[in-house]
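Here are some short notes for a first look at this structure. Please keep the sequence and the 3D view open as you read.

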Amino acid sequence: MQNIGLYLMSLLYTAAGIYHFVKPKFYLAIMPPYIPNHSLMVLLSGIAEVVLGLALLFPATRSLAAWGIILMLVTFLPVHIFMISSGKFAKIPELVLYVRIVLQFVLIYWAYRYV
């Protein structure tokens, strides 16, 4: 079961990272205005997700990848808070926006299991 969770996590982050290149407008739309150079940040976060997702698969890099994912998820929290507080995302049910924040902590715990 541990391996299934690991492979699922790797797939999740690798696919999410690739999605940054397929649909960058989605990620650009949720960037808070105080974050500089939105296009570069979307590109870098996509690369980070792909690299970290793949690095989970190798025992030599697994712990470092898990710590990287935790750091990345903590870094993404302001984006989720911005989505709630900005009023810009009124079409998305508020409950969904709050669930996304809770999900960040679930994902952090999941990654911590591979440290």
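How much accessible surface does the protein have, and what share of that surface belongs to carbon and sulfur atoms?

1. Surface. The accessible surface is about 7200 Å². Carbon and sulfur atoms account for 76% of it. Bear in mind that this is a predicted model.

2. Elements. The protein has 5 helices and 0 strands. Read from the N terminus, the order is α-α-α-α-α.

3. Overall size. The C-alpha atoms fill a box of roughly 40 × 30 × 20 Å along the principal axes.

4. Burial and contacts. Of the 115 residues, 37% count as buried. Now take the contacts between residues at least 6 apart in sequence. Of these, 66% join residues at least 24 apart.

5. A helix pair to look at. Helix α1 covers residues 2-22, and helix α5 covers residues 94-112. These two helices pack with their axes 11 Å apart. The angle between them is about 125°. That value lies between the 115 and 145 degree limits, so α1 and α5 are oblique to each other. Their crossing is left-handed.

6. Where the pair meets. On the α1 side, the residues are G5, L8, M9, L12 and Y13. On the α5 side, they meet L107, W110 and A111. Find these residues in the view to locate where α1 and α5 meet.

How values were computed:
Residues numbered from 1 in each chain as written. Predicted model: local features only at pLDDT ≥ 70, side-chain atom pairs only at ≥ 80, totals over all residues. Heavy atoms only, no water. Helix = DSSP H or I, 4+ residues; strand = E, 2+ residues; numbered from the N terminus. Buried < 20%, exposed > 50% of the residue type's maximum accessible area, 1.4 Å probe, protein only. Contact = heavy atoms within 4.5 Å. Areas by Shrake-Rupley, 256 points an atom, 1.4 Å probe, with all protein chains shown as cover. Axes fitted to C-alpha atoms, helices over the stretch in contact; angles between N-to-C directions. Parallel < 35°, antiparallel > 145°, perpendicular 65-115°, else oblique. Left-handed = near helix turned anticlockwise from the far one by under 90°.
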